[in-house]
Amino acid sequence: MGLRATFLGTGTSTGVPVIACSCDVCRSSDGRNRRLRSSLLVESPEVVLWIDTTPDFRQQALRQGVERIDAVLFTHAHADHIFGLDDLRVFNFRQRAAIPCHGSVATLEALRRTFAYIFEPGCEGGGKPQIELVPVTGGFRLGDLEVQPVPVFHGSLEVLGFRFTAGSASLAYVTDCSRIPVTSEDLLTGVDTLILGALRYRSHPTHFTVEEAIAAAQRLAARRTFLTHLSHEVDHAAPRIELPPEVAFAHDGLVLEVD
C-alpha cells in the first residue's frame with residue numbers, strides 16, 4: 001500500500017439531509033447523497049491520520065471501524081471541523097497516550113479557547129481528551145509520510161490544505177477553499193490524487209463552486225480529482241454540468257488507493 005484515503009464525510013456544515021429540508025436530494029434514496037460533515041482518514045503502512053474532528057466524529061469512527069489514530073490534522077477551527085474533538089478520549093484509553101493535533105497557530109489558539117476545559121486542571125480520570133498541540137509552520141514528517149501544509153483562502157480566512165507523499169504516491173486534501181494562491185498552486189501542481197471542496201453550482205463568497213473547483217483541478221494537472229464538502233444542491237447521480245472524466249463527486253465511505 002502506498003496511501004489509502006477514506007472519506008469519513010463529504011458534506012458541508014449542515015450535513016445532508018439538511019434539517020427540515022424536503023428537497024429532492026435531502027429525500028433521496030441514493031446513499032451517496034447522505035453526507036456527514038467533511039473529514040478524511042489517511043493511512044500509510046506506518047501511520048493513521050485523521051483530518052478534522054467533525055461533530056460526526058463518533059459516527060464516522062464507528063462506521064469505518066477505526067481502531068487507531070496516530071495524529072490529527074486540522075484545516076481550520078470552524079465548528080463543523082472541530083466540534084467532535086472530545087471523542088478523541090476513547091483513543092487515549094485504547095492507546096494510553098496523548099494524541100498529537102497539528103494545525104496553524106491561529107487554529108490551535110481557537111482550540112484552546114473553544115475547549116478550555118481540556119487545558120485547565122480538573123476532570124481527570126478520562127473526563128477530557130489528552131492531546132498535544134503541534135503548530136504547523138512548514139513541512140513535517142510522520143512515520144513514513146511527508147506532510148506539506150498548503151495555505152489557501154476560505155473567503156478572507158487563511159486555512160490549511162495538506163499534501164501527503166509516501167514513496168511515489170501523492171495525495172492532496174483541500175476542503176473549505178475559495179482561492180488558491182500561486183505559491184500554494186506550486187505546492188499542489190502535479191499531485192496524483194486531489195481532493196477539493198466544491199460546495200454547490202451557484203456562486204459562494206467562501207467556497208469554490210463545482211465549476212471553479214474543476215477549473216482549479218485542471219490548472220493543477222491532477223491525474224484525478226474528487227470533489228467534497230458538497231451541499232444538498234448537489235445530486236450525486238445528476239450533475240448539472242458535465243464532469244470531466246478525471247473528476248468525480250466523492251461520497252461517504254469511498255476508499256481511494258494511491259500508489
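Leaving aside neighbours within four places in sequence, Arg37 is in contact (heavy atoms within 4.5 Å) with Gly9, Thr10, Gly11, Thr12, Ser13, Thr14, Gly15, Thr54, Pro55, Asp56, Gln60 and Asp80. The structure is a predicted model, in which local features need pLDDT of at least 70 and side-chain atom pairs count only at pLDDT 80 or more, while totals for chains, interfaces and linings use all residues. Residues are numbered from 1 along each chain as its sequence is written, and side-chain values use heavy atoms, with hydrogens and water left out.

Arg37 belongs to the loop between β1 and β2. Helices (H or I, at least four residues) and strands (E, at least two) are DSSP runs, numbered from the N terminus. With a relative accessibility of 18%, Arg37 counts as buried; buried means under 20% relative accessible area, exposed over 50%, and partly exposed in between, for a 1.4 Å probe and protein chains only.

Two strands pair if DSSP finds at least two bridges between them. Axes are lines fitted to C-alpha atoms, for helices over the stretch in contact, and angles run from 0 to 180 degrees between N-to-C directions.

Strands β2 and β3 are joined by a hairpin of 4 residues. Within this pairing, Val42 has Leu49 as its bridge partner, and Leu41 stands opposite Trp50. Leu49 also stands opposite Ala71 in β4. In a regular strand the side chains alternate between the two faces of the sheet. Strand β3 is covered on both faces: Val48 and Trp50 on one side, and Leu49 and Ile51 on the other, are all buried.

## The sheet from β7 to β13

Another open sheet of 7 strands has the order β7-β8-β9-β10-β11-β12-β13, again with mixed pairing. Its edge strands, β7 (140–142) and β13 (247–249), each pair on one side only. Here the twist averages 25° from one strand to the next. Helix α7 (residues 210–220) lies across β11, β12 (224–228) and β13, and runs at about 150° to β11.

Strand β8 (residues 145–154) is largely enclosed by the rest of the structure, because 7 of its 10 residues are buried. The hairpin of β7 and β8 has 2 residues between the strands, and Gly143 takes a positive phi near 60° there. In the hairpin of β8 and β9, which has 2 residues between the strands, Gly155 takes a positive phi near 70°.

| Strands | Sense | Bridges |
|---|---|---|
| β2 (residues 39–43) and β3 (residues 48–51) | antiparallel | 4 bridges |
| β3 and β4 (residues 71–73) | parallel | 3 bridges |
| β7 and β8 | antiparallel | 3 bridges |
| β8 and β9 (residues 157–166) | antiparallel | 9 bridges |
| β10 (residues 169–174) and β11 (residues 193–197) | parallel | 4 bridges |

Individual partners can be named for these pairings. Arg141 is bridged to Glu146 in β8, Val152 to Val159 in β9, and Leu171 to Thr193 in β11.

The largest pocket holds about 170 Å³ of space. On a 1 Å grid over the protein atoms alone, a pocket is an open set of points where a 1.4 Å probe fits, with protein on both sides within 12 Å along at least five of seven lines; lining residues have an atom within 4 Å of a point. Grid points are joined across faces, edges and corners, and the volume is the space filled by probe spheres set on the points.

The lining consists of Phe57, Arg58, Ala61, Leu62, Val66, Glu67, Asp87, Val90, Phe91 and Arg94. Helices α1 and α3 (89–95) each supply at least two of the lining residues, and α1 gives the most, with 4 residues.

Arg68 is placed in the loop between α1 and β4. At 38% relative accessibility, Arg68 counts as partly exposed. Not counting residues up to four places away in sequence, Arg68 touches Glu46, Val47, Val48, Phe91 and Gln95. Arg68 and Phe91 are 23 residues apart along the chain, and their C-alpha atoms are separated by 6.6 Å.
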